[in-house]
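Hello,

Here is the structure we talked about handing over.

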Amino acid sequence: MGCVSSNLLNHDEEFSQLGSTALGHHIVSLTSTTYGLLTLDPPSTPPPSRFTLSSLWSEPRPLRSEPEVINSWELMAGLDTDSFRFSPLPPPKPFPTTDKENSNPNLNGPSPRPFKKPSSVKPSLAERFERICPPKGEKRVVIYTTTLRGVRRTFEACNAVRAAFEAFGVLICERDVSMDSGFREELRELLKGKEREAMVPPRVFVKGFYIGGAEEMLKVAEEGLLGELLQGLPRKTVGAVCEGCGDMRFLPCFRCNGSCKIALVAKENVGHKQGGRTVVVKCTDCNENGGHIVLTSKASFGVDIMEGLGQHYRLSLVEWNKVTRLCHTKPLLTVNGEYPGPTIAVHEGDNVEVKVINRIAKNTTIHWHGVRQLRTGWADGPAYITQCPIKGGHSYTYKFRVVNQRGTLLWHAHYSWQRASVYGAFIIYPRIPYPFSAPIQAEVPIIFGEWWNSDVDTMQSEMMKYGSGPNSSDAYTINGLPGPLYPCSNKDTFIYTVESGKTYLLRIINAALSDELYFAVANHTLTVVEVDATYTKPFSTRAIMVTPGQTTNVLLTANQIPDSSGMFVLAARPYRTSVFPFDNSTTIGFLRYNNTRAEKIKPLYVPNNLSIHNLPEMEDTFAIEFSDKVRSIASSQFPCKVPRQVDKRIITTISLNLQDCPTNMTCKGYDGKRFFASMNNQSFVRPSMSILDSYYRKLNTNGYSLDFPEKPPKSFNYTGVDPLAENMNTEFGTKLLALPHGTNLEIVLQDTGFLNVENHPIHVHGHNFFIVGWGLGNYNVSKDPTNYNLVDPPERNTVGVPKGGWAAIRFKADNPGVWFIHCHLEEHTSWGLAMAFIVKDGPTTSECLLPPPEDFPSC
């Protein structure tokens, strides 16, 4: 499949016909295998505003001096015609599940159905269909298709038509009009003189005859004519692939005349890798070996090489680009020159490879937050837990498969505080339709972040040196934009245009470092349908609360009548549970109705009334009310697999600590001491090399032990303790918990009142869990389990432990490896509020940790 890039934030009206997300994010969407590259590069001279991709044709041509610009959005123009209608389509068949790691789901399906001969005489092809033969289409099935999801019904129609042909096991030549202008012009020429609707994919040709679109093709199938229609065509041998393109479809291949990946080659300056003109061409050799497509939205960096290598493609992550917000310009670590980083979109069941090349002086890692990493803990990303960091000048390829997961997650740096700017959305599209019936006009990623005018690295270093707390951020951001309530920020405001009466899926992600956030849209009701990439029972709410690391998908219907501005405010502000200093500001953007005169006004019009009656106040306990409404969908299709019995229960306190200042040191925490944090009075210390690597190689020199305490060392009134009078010194170490494979585990997370009671977002790596219970005050082991929800508890990867309370989570520890548990408030993790656990190998090969990759970083 191809990959689509856009800078829709600055061109939302230009692409309004697509109903697209209007965000400056890079979208990568691949059907069977997804690959990418994140490169840390030094800044370069500004390139053209858009990356260009040479046109691909069915026959080799001499290379042009300048590549042809292919704008995928322009190629999609007209695909969403209002007059395009067809009968309801059967959903595409999901790939069969398999326990074999990294297996190819395309090769595991049932055998193709035999051709079905008609029971009565049917009209001949010449009598029923018009003779229109696409190039080299005399003895094959040719489908002009699209891989872009911007127009969902068109995309699903293409899937349905493809599935119908694949059931008969014939070879299919797919030509993607959204990825190659040659294919689109070819289709226009073939259907010249026909109505506009005839250009809407899919368009089907068999043996040189024009069958029509989805409706016509499926009618042929319903009449039992499809088997006869396909007689005599070459069959696809089970397990065979095209030597030219590796069976990766949708772009030109010189051997199968269609369906192919492409390769990109980018030239570099000789000697110095800091810029140079990037030239994108069609590479015959790489093309015939199955290189992948790469298309980036902003080439604001110097790329040394982009090329097809087997089944790899590359993205680029740059280092310190100058970014201006709030009248302050500073170097910022960005991805693909964008802040936030690119959205990576894959499909359920995809194999994913992302190669990270680090060309900055500091170490780095990337974490795929919420991806379970089944047997591939080497790709999880937390520094010194599952890998040593990627050193400057080195690279590492993250390889994993997305198994039985679908929805919205995120990716971010997991070294130091780099995730202050290195983050982006990670979207997993399902293989089957969504479990909610509302027609979706567009899907809109909304990512919350934080902006500091000062340097975040310097702030973090001083905090750890002196044991102090961090400075509060200067602004919250929506997709990297603070909004007009901050200085100099009118132009840096998120605005999304909607059509009255349409429903939109908002993919909401909290990537902030330090704050849980409320979110609401003025006068609009939100319907929650998913949290942390798991479906929920839908429920309506005036607002939502998301902790750092959590995601929430909501449906929003544009059903209100706007005022003269044509806009409604959407806003996020912190949910305050701490006495520590925090950013008490509010970030806003706008929902703009496109059928109002105000949309023609070029300068940002800020309404006088910015109040949002449905946005909770900072100290409002709405968060508890909201969290209590979240329930797993618990259907036969998406069952709730909560362990009803447990093999082990761990009770751990979550505490902030105040450590006595060592002799001859300067400490700037409260009362001249140092801030730390702990779980069961153990402040986690990361070792000097990867715990996973040490465990796998059975090394005993890493300094970790397997004696993490399974209950608090001392029982006391956890939430009622005097916040300052007690001895709050903690112990330091790397104590782990070791579990047999398949252990049904319960962890009770108990907040404490040391320094202050506070909400803590606790994230578990490598596993989803079920929140079976929560409460305020101290956990009572003899009473509270009787009130657990074991029917439809919410399934998540990050839980907000309530202020002055507790939360109980359950999961089956069936993913071998070493997994991190930590608070997703970055300063708390830095202070030591973390632990790790080992899941041992199971009895079968498919239940064992895979070996480390060859390029696994060393310390």
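**Salt bridges**

E130 is partly exposed, because its relative accessibility is 40% and the class runs between 20% and 50%. The model is a predicted one, by the way. E130 has a salt-bridge partner, K194, and their side chains meet at 2.8 Å, N to O. K194 sits in the loop between α4 (181-190) and β7 (203-206), while E130 belongs to strand β4 (residues 130-131), so this pair ties together parts 64 residues apart in sequence. K194 is also partly exposed, at a relative accessible area of 34%.

The next pair is E617 and R573. Their side chains form a salt bridge with an N to O distance of 4.0 Å. E617 is in the loop between β27 (587-593) and α9 (622-629), and R573 is in strand β26 (residues 567-574), so the bridge ties together parts that are 44 residues apart in sequence. E617 counts as exposed, at 53% relative accessibility. R573 is buried, with a relative accessible area of 15%.

Then there is E746 with R810. The closest N and O atoms of this salt bridge are 2.8 Å apart. Distant parts of the chain are linked here: E746 lies in strand β33 (residues 743-751) and R810 in strand β38 (residues 805-813), 64 residues apart. Is E746 buried or exposed? E746 is buried, with a relative accessible area of 0%. R810 is buried as well, at 6%.

One group goes beyond a pair. K537, R631 and D792 are linked in a network of salt bridges. Searching the whole structure gives 24 salt bridges.

**The chain as a whole**

The chain has 859 residues, and 61% of them count as buried. Its secondary structure comes to 11 helices and 40 strands. Take contacts between residues at least 6 apart in sequence: 78% of them join residues at least 24 apart. The accessible surface is about 33,100 Å². Carbon and sulfur atoms account for 50% of that surface.

**Strands and a sheet**

Start with β14 (residues 395-401). Five of its seven residues are buried, so the strand is largely enclosed by the rest of the structure. Strand β12 (residues 351-358) runs antiparallel to β14, and seven bridges join the two. Within this pairing, K399 of β14 is the bridge partner of E353.

What is the order of its strands? The order is β32-β40-β39-β34-β37, and the pairing is mixed. The edges are β32 (736-739) and β37 (798-801); each has a single partner strand, so one side of each is left without a neighbour in the sheet. On average, neighbouring strands of this sheet are turned by 20° against each other, direction ignored. The pairing of β32 with strand β40 (residues 834-839) is parallel and covers four bridges. A738 stands opposite I838 of β40.

A general point for reading side chains here: in a regular strand they alternate between the two faces of the sheet.

**Two threonines**

T552 lies in strand β25. T552 is buried, with a relative accessible area of 0%. Leaving out residues up to four places away in sequence, T552 touches L506, R507, I508, V528, E530, V531, I544, V546 and R796. L409 is 143 residues away from T552 along the chain, yet their C-alpha atoms are separated by 9.1 Å.

Where is T547 found? T547 is in the loop between β24 (544-546) and β25 (551-557). Why does T547 count as buried? Its relative accessibility is 1%, and buried means under 20%, so T547 falls in that class. Residues up to four places away in sequence aside, T547 touches N510, E516, P761, T798 and G800.

Best wishes

Note on methods:
Residues numbered from 1 in each chain as written. Predicted model: local features only at pLDDT ≥ 70, side-chain atom pairs only at ≥ 80, totals over all residues. Heavy atoms only, no water. Buried < 20%, exposed > 50% of the residue type's maximum accessible area, 1.4 Å probe, protein only. Contact = heavy atoms within 4.5 Å. Areas by Shrake-Rupley, 256 points an atom, 1.4 Å probe, with all protein chains shown as cover. Pairing = 2+ DSSP bridges. Axes fitted to C-alpha atoms, helices over the stretch in contact; angles between N-to-C directions.
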